[in-house]
Amino acid sequence: MKRCLLQVVALLLLTSAAAFGQTVTGRVTSSTDGSAVPGASVLIKGTGNGTSTDSDGKFTINAGDPNAILVVSFIGFATQEIAVESRTTIDVVLQEDVTALNEVIVTALGISREKKTLGYAAQDLKGNELTTIQTGNVTNGLAGKIAGVVVTPGSTGPGGSVRVVIRGSKSLGGANQPLYVVDGIPVDNSGPGGISAQTSQYNVSDFGSGISDINPDDIESMTVLKGPNAAALYGARATNGVIIITTKKGNAKGLGININSSATFETPFVLPKFQNKYGQGTNGVAPASVGDLVNQPGSWGAALDGSEKPYYTGETKAYTAQEDNVRDFFETGRTFSNSISLQGGTGPATFYLSYTNFDSKGILPNNRLTKNNFNLRGTAQLGSKLSIDAKITYFLQEAKNRPEQGESDLGNTTTMVFNMPRNVAISDAEKVYQNPNGSPISWTSSGYQPYWIANKSRNEDTKHRVLGFTKLTYKFNDWLSVFGRVGTDFTTQKTFTLRPYYHPIVAQGAFVKRTPEYTETNVDGLIMINKDLSEKISFTMNIGASMRYNKYENFGFDASGLRYPDAVTLESASTKIPFYDISEKKVNSWYGSMQLGYSDYLFLDVTGRNDWASTLPANNRSYFYPSASLSWVASDMFDVNSDVLSFLKARVSWSSVSNDTDPYRTGFVYTLDPRGYLTTAFLSVPRDVPNANLVPETSNSTEFGAEIRLFQNRVYVDASYYSIVTKDQIVALQTPESAGFSTFFKNVGQVSNKGVELMIGGTPIKNDDFTWDVSVNFAHNKNKLDKLVDGLKTYQLGIINNGGISILATAGGGFGDIYGFDYLRKDGQIVVNAQGVPMAETNAKIIGNYQPKATIGFTNSFLYKGFNVRMLIDGRIGGEIYSFTDRGLWANGVSEETLGGREDGILVDGVFESGTANNVTITAQQYYQGVAGAISTPFIKDATNFRVRELSVSYALPVANLKLPFKSASLGIVARNLFFLYKKTDNFDPEASYSTGNAQGVAYYNLPSTRSLGFNLNLGF
């Protein structure tokens, strides 16, 4: 590792030395008004070397050859090809052209392509579209902006993992998350407690995922390759799509400095609606003593009348409603992000250097996350044919007391706060939370107290991460070049979790230390051929090979039974169990692509890739997958010249992509039991039965699409239909207990995704002073488990221990079905037991599915002189969530919904099992607790919602007129999760999730999502 880093640093230093080559700078403007054209594509013809213009229309590019040709393009303008002819400065004036749509987009393997040549769907975003609000995870910025991409943030505070699914879930046993590629290098998106297929629902500690480490201020653009068709060249991990991130480079036009600072403040977005009429107690009676009180933690007591009653602190206090006791527990979070970047160079060498500090304090007491990101990238032209691009990034993160989620009360303070009696003052809970010996003081005999957990329990983690690559490109002539690249991603993260002495569940305390390390090394090379075979036929071919090596190693220990309450050391622990885990994986590959173009309107692409994966059996280790696509630009073929129709394109693609599996699933692997017996060591038998005959999962995908632009490109439409079928799923099936194993691995089943995507947008108004851009994206996906295996109808994605809820995939039905218990009915009427309480059916059934039926995003951008207003509204239609939160609020009598029947009781409109009408009136406590304890359907909630996701208002100061010492300056106010336009859940944000795995559709006392308000400042020198 050290040698690799030294090599990268040495190569970076080369970029500061004098070198030979041709660097071109310039500015791109519009012929209509002379204004700058930001975001225009500048490409060296015949190569993958490209860049885009900045906000002032300026660009810098290493042309290499003095005889190179610049290809400059932008939507709505005619593409220009300009010979460099040894010039170092070239200013370009683009002419409007209703048929010109040749913008460049970064595609697989980092190759820049004209978008009109693509036979599959791909969409890109500029870096500033991802950084409106700094949230600690750049993928949050994708929400609502790209059709077919569903973003679900985890309810785990700053820097938590985010679930991103493109065109539906395809794998029963996989995480279903896309591959992330940064500057051509795949990055590891795993993390302890973060991304996984099945995250434990009992106690979720999310230490963040790999992509959350990427600094958004360093991002130039992000391209989403939506399906296997677009991403086939990336191999097995591309089954779920690819997100390509291109980071910023330097320029050779002097020194540029940019400072970007933002500050936002967070408050809970949605809190439950609590009742404020009845306090702690049971059966309508307040506790007579503290001894009674701790055994009656629910708010089923008497009416809150202000009289003096026993209080949990041992004193008597006024029995009054504490209407804001939950809201006041949550603090105002704050997030500060400050970055500075320097870029520049001389002649053929450039550099980009940046530092970002991110400091976020969550809404829970004592929760904090800090990040420091250092980034250095350099490019150089080493002669007329050889160039180098090298980069190194160091990332340091420290976090304290990340929120814990799930059904366990080990550390989920949200559970304790939400269930708190309605007469308990949160200020008292903060001041009086422990006895002199350190044990908790609580209003319940179980001892749960949120401030005791927040102040005494600890979870901490420190992460160090290094990402680097070096790429050498050699250009033989104007149509043949080759590059070689090596990249490394190394992460080490130390985690520590403490359950202190007197913990309600771990009475004598316990602590756990882990040090997971992740390494991914990629070595690849590519031969690139780009040559016109005739005046009408263009030809491009790429042939490459790669080697990938992954290693995961984790070591630490579990300690419990502290002999001394305040001594959190191994010496103090009575039980100490060392821990060690390791896994390795190698994948070798070759791949190639070929494109034939005819008359610049018909483009045929064919790709092929073969992988050899170490995790598959030797006889099934090699697998090949092809793809083909066709793009037909009909408006160019027929030379359409119309004021109405500007552009018309049809596309079709097909691909077959395979996926391998995790290590050690094809043969028995025994682990050494660290406890042993005396001097005898023991080997532990694995609980999972391996399968030496596993074959790769295979996804076959077909896509049809069309792109239309109208009225001189003022209106555009992009539509897609796709069908993806994934067969030979590699899953762990349960075995009978008598077999002595838990599961066995097998290829079974078939999952399908079929859907449509639609993007409509345009520029309704555009003049010298005012521009209005608008876009709408819509997506619908049908996700099904077509078949599983004979004798098995469902596959378990997740189960909730307290409530009889299971998240399953059902053969012949949906992926993500929610199984639970409905009311028992007789002739359509609810059946009650002899006590008059509703009864539940004996068998669980499907009561919902967490998949949305459709997603919608609606973006408006208004530019008036120096003012820029951007607003994003997005929503989900359909899908259900089981709210364990509502169930618990019912059971504890704190929900506003439990007010009904408090005075007169409840007579359920139903029948006894005999069929006679119910005539037994029960108390509200009997009813709500009885329903909450047995029946699931009242807590199934419709997840449909629409919200104002992002709003920003910025002003670009006229620095020249004001004679400010800046090249540019802007000041803005920003907001995220501003308010709901519509939602059908009263007590929680329907988007929030306690897990980023496949077991979605459950709200279990999630940490409230937050509303962010703040401002940012950007200065350029």
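A: Happy to! Let's start with a definition: helices (H or I, at least four residues) and strands (E, at least two) are DSSP runs, numbered from the N terminus. This is a predicted model, in which local features need pLDDT of at least 70, side-chain atom pairs count only at pLDDT 80 or more, and totals for chains, interfaces and linings use all residues. Residues are numbered from 1 along each chain as its sequence is written, and side-chain values use heavy atoms, with hydrogens and water left out.

Now look at the loop that links strand 30 (573–598) to strand 31 (602–613), where you will find D600. D600 is not a glycine, yet its phi is positive, about 60°. Most residues other than glycine have a negative phi. D600 is partly exposed, with a relative accessible area of 41% (buried means under 20%, exposed over 50%, partly exposed in between, using a 1.4 Å probe and protein chains only).

Further along, D639 sits in the loop between helix 7 (634–637) and strand 33 (645–659). D639 also is not a glycine and has a positive phi, of about 50°. With 63% relative accessibility, D639 counts as exposed.

Two strands pair if DSSP finds at least two bridges between them. Three strands make an open, mixed sheet in the order 44-45-50. Strand 44 (825–826) and strand 50 (910–912) are at the edges with a single partner strand each, so one side of each has no neighbour in the sheet. Strand 44 runs antiparallel to strand 45 (residues 829–832), and two bridges join them. K826 has Q829 in strand 45 as its bridge partner.
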